[in-house]
Structures are given as C-alpha cells and as structure tokens.
Amino acid sequence: MSLVTILLNLFLPPLAVFLKHGLGTAFVVSLVLTLIGWFPGVIHAFIVNQ
C-alpha cells in the first residue's frame, strides 16, 4: 500500500475505495459508513484496499 493510498484512506475513505474499485457496492458501503461516522469508513477503506 502506497503512502498516497494510506493518506486517502485516512482523510477521504470513499475516494480511496473509488480509485481502487470504481463505482460499485464497495464504494457505496464506504460512503454510507463514512456518512454514519468517519472511523467506520476508515476501517472499511483499509480492509477493502489491502
């Protein structure tokens, strides 16, 4: 995982997921989790982008 990906996972989790997987269920889940709370979105982004 590159430094850019790590920073995007921390600050803009849905964008990090979108750049790796495109528009799909992973992006929608990441967006919803980030809207509910920042921390769940970050955890999801790190898991999906491994």
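Thr-34 sits in helix α3, which spans residues 25-36; helices here are DSSP runs of H or I with at least four residues, numbered from the N terminus. This is a predicted model: local features need pLDDT of at least 70, side-chain atom pairs count only at pLDDT 80 or more, and totals for chains, interfaces and linings use all residues. Residues are numbered from 1 along each chain as its sequence is written, and side-chain values use heavy atoms, with hydrogens and water left out.

- A polar atom of the Thr-34 side chain lies 2.8 Å from the backbone oxygen of Ser-30.
- Beyond its neighbours within four places in sequence, Thr-34 is in contact (heavy atoms within 4.5 Å) with Pro-13, Pro-14 and Gly-41.
- Pro-13 is 21 residues from Thr-34 along the chain, and their C-alpha atoms are separated by 7.2 Å.

**His-44 in helix α4**

- His-44 belongs to helix α4.
- His-44 counts as buried because its relative accessibility is 15%.
- With neighbours up to four places away left aside, His-44 is in contact with Ala-26, Val-29, Ser-30 and Leu-33.

**Asn-49 after helix α4**

- Asn-49 lies in the segment that follows α4 (38-48).
- Asn-49 is buried, with a relative accessible area of 3%.
- The side chains of Asn-49 and Asn-9 make a polar contact at 2.9 Å. Such a contact is a pair of N or O atoms within 3.5 Å; within protein, one must be able to donate a hydrogen and the other to accept it, and residues adjacent in sequence count only if both atoms are side-chain atoms.
- Not counting residues up to four places away in sequence, Asn-49 touches Met-1, Thr-5, Asn-9, Ala-16, Val-17, Lys-20 and His-21.

**The nonpolar patch**

- Leu-3, Leu-7, Phe-11, Leu-12, Leu-15, Phe-18, Leu-19 and Leu-23 form a nonpolar patch on the surface.
- Together these residues have about 850 Å² of accessible area, by the Shrake-Rupley method with a 1.4 Å probe, where only the protein chains shown count as cover for residues.
- Patch members have over 30% relative accessible area and no salt bridge, and nonpolar side chains (Val, Leu, Ile, Met, Phe, Trp, Tyr) are joined within 5 Å, like charges within 9 Å. A salt bridge is a side-chain nitrogen of Lys or Arg within 4 Å of a carboxyl oxygen of Asp or Glu.
- Helices α1 (3-11) and α2 (13-21) each supply at least two patch residues.
- Leu-3 is found in α1 and is exposed, with a relative accessible area of 61%.

Methods: Buried means under 20% relative accessible area, exposed over 50%, partly exposed in between (1.4 Å probe, protein chains only).
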